[in-house]
Amino acid sequence: GSQLKPVEPEDIVILLRSPGSVGGHFQKALESHGIRCSSGGGTDLLDTEEIGTLRSLLQIIVNPRQDIPLISTLASPVFGFTADDLAQIRSINKTGSFYDALLESGIPKAAAFLDVLMMLRRDARRYTMTRLLESCFTLTRLDSIYGAMPAGAVRQTNLRTFFQLAVDYEQGGLKDLTQFLQHLDTLQGKGVLSAGTSTAGCVTIMSIHK
């Protein structure tokens, strides 16, 4: 008998009446299982997993006492803290910021992370923003880690695009990391940055009308 070929992500299309309103929920659900998506309208660069992690890291370099970006960074593939790790840390200090609990935890994994964060916070005070991003990649291997994941080439393209955003921002005379993060929020509100697209290895999300 004829052999059926295994189903690949690019063989699957999710049809929605209005992808604009709910497509993001489908995308996040699929990506949480390591399944990449593409949509006719393109994904916002700042909504991709790899840029989300890098942004969270930059936010805690500015101020580590922000629980959501700190936990997002810890739970990312870059640092690999499990739900059990995070619960154990939180149990040490239930009322302060998660950063305070991390400082008190004494867990080797936490100590290793804090060493990296301390070096990056020091580099943020000493260097330009683009040099800081280079330090982020060197110390965390963030670009290599996402590059080794499904659709790694697209992920690395997105990281290079983000780096170029920082270069352009600095050339405009603005070098403050806090201002750069605010600039990203503004860009995200406008939805003007498209991520790299590759349908290989991606489930497509599109409208019924398309």
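Colleague: Which side chain puts a polar atom 2.9 Å from the backbone nitrogen of F98?
Modeller: That of D67. This is a predicted model, where local features need pLDDT of at least 70, side-chain atom pairs count only at pLDDT 80 or more, and totals for chains, interfaces and linings use all residues. Residues are numbered from 1 along each chain as its sequence is written, and side-chain values use heavy atoms, with hydrogens and water left out.

Colleague: How far apart are D67 and F98, in sequence and in space?
Modeller: They are 31 residues apart in sequence, and 5.6 Å apart in space, C-alpha to C-alpha.

Colleague: Which side chain does D67 join through a polar contact?
Modeller: The side chain of R90, at 3.4 Å. A polar contact is a pair of N or O atoms within 3.5 Å; within protein, one must be able to donate a hydrogen and the other to accept it, and residues adjacent in sequence count only if both atoms are side-chain atoms.

Colleague: Where does D67 sit, and what does it touch beyond four places in sequence?
Modeller: D67 lies in helix 3, residues 67-75. Helices here are DSSP runs of H or I, at least four residues, numbered from the N terminus. D67 touches R90, S97 and F98, leaving out residues up to four places away in sequence. Contact means heavy atoms within 4.5 Å.

Colleague: And why does D67 count as partly exposed?
Modeller: Because its relative accessible area is 29%. The classes are buried under 20%, exposed over 50% and partly exposed in between, with a 1.4 Å probe and protein chains only.

Colleague: Over to helix 5. Is it mostly covered or mostly open?
Modeller: Mostly covered. Helix 5 spans residues 98-105, and six of its eight residues are buried. These are F98, Y99, D100, A101, L102 and S105.

Colleague: What covers the buried residues of helix 5?
Modeller: The cover includes helix 3, helix 4 (83-92) and helix 6 (108-126).

Colleague: And what follows helix 5?
Modeller: G106, with a positive phi near 70°.

Colleague: Why is S105 called buried?
Modeller: Because its relative accessible area is 15%. A polar atom of the S105 side chain lies 3.0 Å from the backbone oxygen of L102. Neighbours within four places aside, S105 is in contact with I89, I92 and A110.

Colleague: New topic. How many residues has the largest nonpolar core?
Modeller: It has 45 residues. L58, I61, F113 and F162 have the most contacts inside it. A nonpolar core is a set of buried Ala, Val, Leu, Ile, Met, Phe, Trp, Tyr and Cys residues joined through side-chain atoms within 4.5 Å.

Colleague: What does L58 touch, beyond four places in sequence?
Modeller: L132, L133, C136, F162, L177 and L181.

Colleague: How many aromatic pairs does a search of the whole structure find?
Modeller: Four. Rings of Phe, Tyr and Trp (its six-membered ring) pair if their centres lie within 6.5 Å; planes under 30 degrees apart count as stacked, over 60 as edge-to-face and the rest as tilted. F162 and F180 form an edge-to-face pair, 5.8 Å centre to centre, with 70° between the planes. It links distant parts of the chain: F162 is in helix 9 (residues 152-171) and F180 in helix 10 (residues 177-190), 18 residues apart.

Colleague: Are F162 and F180 buried or exposed?
Modeller: F162 counts as buried at 0% relative accessibility. F180 counts as buried at 0% too.

Colleague: Why is the pair of Y169 and F180 tilted?
Modeller: Because the planes are at 55°, with the ring centres 5.2 Å apart. Y169 lies in helix 9 and F180 in helix 10, so this pair ties together parts eleven residues apart in sequence. Y169 counts as buried, at 10% relative accessibility.

Colleague: Which ring does the charged end of K109 sit over?
Modeller: The ring of F81, 5.1 Å from its centre. The test is NZ of Lys or CZ of Arg within 6 Å of the ring centre and within 35 degrees of the ring normal. F81 also forms one aromatic cluster with F79 and F113. The charged end of R131 sits over the ring of Y127, 3.8 Å from its centre.

Colleague: Last one. What does the side chain of T130 make a polar contact with?
Modeller: The side chain of T128, at 3.4 Å. T130 lies in helix 7, residues 129-140. T130 is buried, with a relative accessible area of 11%. Residues up to four places away aside, T130 touches F163, A166, V167 and E170.

Note on methods. Helices (H or I, at least four residues) and strands (E, at least two) are DSSP runs, numbered from the N terminus.
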